[in-house]
Amino acid sequence: MRASLFITCYNDTLFPETGKAVVSLLERLGVQLDFHPKQTCCGQMHANSGFRGEAYSQAKRLVRLYQDTETVVIPSSSCVAMIRDQYPGLIGELGNDSLRKDFAALLPRIYELSEFLIDRLGVEDVGAYFPHRVTYHASCHGVRALHLGDRPYRLLAKVRGLDLATLPNVDRCCGFGGTFSVKNAEVSSAMLAVKLQDVVATGAEYCTALDNSCLMHLSGAMHRQYAGMKTIHLAEILATTEASPAEAAR
Amino acid sequence: MTQAAASHPILDPVFAPPFPQAALPVLRNPQLRKNVAHAIDVIQAKRAKLVAEKTDWQELRSSASAIRAHALENLGAYLEEFETRCTAAGGTVHWAADAPEARQIILDILRRENATDVIKIKTMTSAEIQLNPILEAAGVNVFETDLAEIILQLGEEEPSHIVVPALHINRSQVREIFSRRMGLKDLSDDPHALTAAARNYLRQKFLTIPTAISGANFLIAETGGVAVVESEGNGRMCLTLPRTMITLAGIEKVLPRFQDLEVMLQVLARSATGERMNPYNSLWTGVTPGDGPLNFHVVLLDNGRSSILSKPTERQTLKCIRCAACMNACPVYRQTGGHAYGSVYPGPIGAILTPQLTQMRHAQSLPFASSLCGACYEVCPVKINIPEVLLELRSQVVNQERKDLVRLFDPMYLGLRIANLLFARAWLFHTAQFLGRIGIRFFTRKDGWIHSLPSVGGKWTQTRDLRGFPKQTFHEWWASRPPAPGPALNKEAK
């Protein structure tokens with residue numbers, strides 16, 4: 001099977017280890033992975049900040065870049081949610097017929113990572129080994145926009161050595177919300193404080209998720225407060241095997 | 001006056017400070033945050049339990065949404081039908097284009113009745129038009145009869161929630177207010193003692209004041225009737241004892257048929273208070289001699305609503321049935337409570353309704369007072385896609401603001417404009433990544449983390465660290481990989 005990786009702008013810049021993990025994981029599962037060097041951003045930051053015109057031009061760029069691609073994999077649920085929930089409106093309003101047609105054809109071929117593994121590849125046991133206590137944060141977009149449901153849990157359940165700790169109030173927002181985290185920094189921090197209490201109370205060593213944006217927010221507070229925990233993208237857990245232990249430097 | 005302004009939150013979008021600023025005193029107030037979070041958690045748990053027992057909840061939501069959407073699409077016709085039926089049944093219908101007109105209509109009715117006192121059922125619409133202070137200024141004594149509203153009125157507090165307006169006040173604070181204002185020295189904070197005190201206070205009012213003001217949960221076009229649901233029976237007293245009843249209702253409150261209540265009352269009670277049915281459901285049509293008020297007036301309030309109705313994305317805002325499930329589910333509201341929203345309508349619905357009611361002239365920080373987590377949309381019984389409307393309003397605010405020259409130097413605007421240029425060309429984006437990696441080194445400590453950033457970045461680092469930029473971006477790593485057949489990790493694939 002062939003697939004093309006859309007790494008997303010912030011993973012490319014800040015979290016390349018997530019991308020490397022996706023490559024390692026998918027190639028181990030027999031996927032022929034491709035990477036389009038001209039990719040940049042899905043437009044979510046502009047769309048959520050009220051810059052519709054700018055968001056549209058990035059949406060158009062992404063559709064044009066991937067319109068001939070068999071399958072696109074994205075290790076970020078909020079970017080997939082942007083494409084599924086906001087592109088139809090943006091392209092419907094500002095695009096022409098040809099773009100609308102190409103987007104409609106591309107949309108069903110775009111997968112979030114856990115969707116790709118379970119729905120497209122049909123695997124739950126990816127052969128991972130991660131001997132740590134881990135809690136899973138169900139990010140807002142994963143739960144309420146993509147309806148990922150139990151997919152991440154099914155993947156985690158098959159990781160050897162992993163001790164999964166249940167996170168109370170699992171689907172409550174961590175307070176990141178993109179530019180919300182700086183526009184409403186104090187409210188965002190109050191939300192983060194409440195979330196972190198739940199996360200730390202699990203006694204886990206790692207908090208994982210399918211969105212590095214939430215994890216960047218959580219890890220920022222963990223580091224500031226010497227909370228004694230780390231964050232790690234689910235792809236990095238799934239990529240880890242006995243032969244190649246995780247670096248988990250975050 | 002200055003003292004009052006200092007001690008009261010300002011629930012007028014025209015004068016209220018922006019949301020991030022208005023939220024600060026609450027975030028620093030442990031008692032308030034504890035009260036709000038506790039109350040919300042209790043209501044949320046009750047709602048979740050009662051929603052779970054309805055196996056057809058999603059179908060109910062779809063029906064409720066369709067009923068409300070249909071009513072709005074044909075609003076003019078249904079309002080006229082309501083007017084005709086209500087008038088035929090002995091009621092008088094008044095049309096008010098805005099708040100001043102609605103207040104004048106109500107004042108004129110009260111003057112004709114020579115009313116010096118008036119009892120009220122909880123109505124957020126009357127708070128929207130700031131009715132109480134105007135009536136008081138005109139020499140009419142206003143007595144709230146809903147327990148929470150009594151607490152607010154006697155405690156000189158402002159509502160912080162649309163269903164449980166005194167949610168930010170706990171039992172011992174209620175005891176203090178009642179004890180002070182009712183002269184009850186030995187009052188305990190036992191709920192029975194507190195409700196008994198309120199009952200004593202109210203009974204006299206119900207028996208002596210012949211004029212009442214209510215809101216409406218629903219107006220029924222088919223019958224010309226009005227529906228009010230409540231939990232305490234105070235509404236039933238106000239609707240039956242007085243000689244004159246004035247009902248103030250937003251024009252969007254109309255339902256086509258009596259039968260629609262079957263769906264609406266189910267979703268409203270479960271969403272609002274976590275009950276299968278509201279304890280008191282009052283329905284009345286016009287005037288019935290010997291039974292209830294002899295004079296019945298309905299004031300239909302526009303106040304910005306028809307302008308909302310004309311816009312396709314925003315129109316859904318008017319489907320709202322004021323159940324408050326969105327604010328109970330909102331992680332932002334859970335931290336800030338209602339006052340920070342600077343409006344009688346707080347929470348996610350307030351964040352979309354308030355700026356629109358002011359024709360987008362005020363409350364422009366509210367569409368940004370959300371992390372877009374979607375919890376509001378998930379629970380909304382009439383399926384208002386609040387995140388979608390928030391985004392639409394954000395883009396309207398930006399379209400207004402970006403014309404200002406001063407925004408050229410606003411770091412947020414500048415950053416987003418530059419980012420847009422970079423994202424259009426990969427080579428520019430990659431150059432910016434390279435330069436950013438060098439620049440960020442000046443802020444990165446030896447531990448590899450950024451503890452302090454200037455400008456907008458400082459809003460992040462005031463409470464959070466940020467990991468320093470890695471030495472290599474992903475696309476650089478990809479380009480540096482040896483061509484296939486790749487390293488050991490490719491073996492199984494081959």
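This is a short talk on a predicted model with chains A and B, starting with chain A and then moving to chain B.

Hi everyone, a word on conventions first. Residues are numbered from 1 along each chain as its sequence is written, and chains are lettered from A, with ligands numbered from 1, in the order in which they are written. As the model is predicted, local features need pLDDT of at least 70 and side-chain atom pairs count only at pLDDT 80 or more, while totals for chains, interfaces and linings use all residues.

Let's begin with chain A. Its secondary structure comes to 13 helices and eight strands; these are DSSP runs numbered from the N terminus, H or I of at least four residues for helices and E of at least two for strands. The C-alpha trace spans about 55 × 45 × 30 Å along its principal axes. How does the radius of gyration of chain A fit a compact globule? For 250 residues such a globule would come near 18 Å, and chain A has 18 Å, so the two agree. That radius is taken over C-alpha atoms, and the globule rule is 2.2 Å times the number of residues to the power 0.38.

Of those 250 residues, 61% count as buried. Buried here means 20 or more other C-beta atoms within 10 Å of the residue's own, exposed means 12 or fewer, and partly exposed is in between, with C-beta atoms placed from the backbone. Among contacts in chain A with a separation of 6 or more, 77% come from residues 24 or more positions apart; a contact is a pair of C-beta atoms, placed from the backbone, within 7 Å.

Now the sheet. Chain A has an open sheet of four strands in the order β6-β5-β7-β8, with parallel pairing. Strands pair if DSSP finds at least two bridges between them. At the edges are β6 (163-165) and β8 (230-233) of chain A, each pairing on one side only. From one strand to the next, the twist averages 35°. Strand β7 (residues 206-209) of chain A pairs with β8(A) over four bridges, in the parallel sense, and Tyr206(A) stands opposite Lys230(A) in β8(A). Across β7 and β8 of chain A lies helix α12 (residues 212-224) of chain A, running at about 165° to β8(A). For angles, axes are lines fitted to C-alpha atoms, for helices over the stretch in contact, and values run from 0 to 180 degrees between N-to-C directions.

Is Tyr10(A) buried, exposed or partly exposed? Tyr10(A) is partly exposed, because 17 other C-beta atoms lie within 10 Å. Leaving aside neighbours within four places in sequence, Tyr10(A) is in contact with Asn212(A) and Ser213(A). Tyr10(A) and Asn212(A) are 202 residues apart in sequence, yet 8.5 Å apart in space, C-alpha to C-alpha.

On to where the chains meet. Here 53 residues of chain B are in contact with 57 residues of chain A. On the chain B side, α20(B) gives the most, with six residues. By class, that side has 32 nonpolar, 14 polar and seven charged residues. The classes are Ala, Val, Leu, Ile, Met, Phe, Trp, Tyr, Cys and Pro as nonpolar, Asp, Glu, Lys and Arg as charged, and the others, Gly among them, as polar.

Within chain B, have a look at strand β6 (residues 225-230). Six of its six residues are buried, so β6(B) is largely enclosed by the rest of the structure. Both faces are covered, with Gly225(B), Ala227(B) and Val229(B) on one side and Val226(B), Val228(B) and Glu230(B) on the other. Which strands does β6(B) pair with? Strand β5 (residues 218-220) of chain B joins β6(B) through three antiparallel bridges, and Ile220(B) stands opposite Gly225(B). Four residues sit between the strands of that hairpin, where Gly224(B) takes a positive phi near 75°. Strand β9 (residues 280-285) of chain B is also antiparallel to β6(B), over six bridges, with Ser282(B) as the bridge partner of Val228(B).

Last, two backbone angles. Ala324(B), in the loop between α14 (305-309) and α15 (325-329) of chain B, has a phi near 75°, positive in a residue other than glycine. Ala324(B) is buried, with 32 other C-beta atoms within 10 Å. Leu372(B) also has a positive phi, near 60°, and counts as buried with 28 C-beta neighbours inside 10 Å.

Conventions
Two residues are in contact if their C-beta atoms, placed from the backbone, lie within 7 Å.
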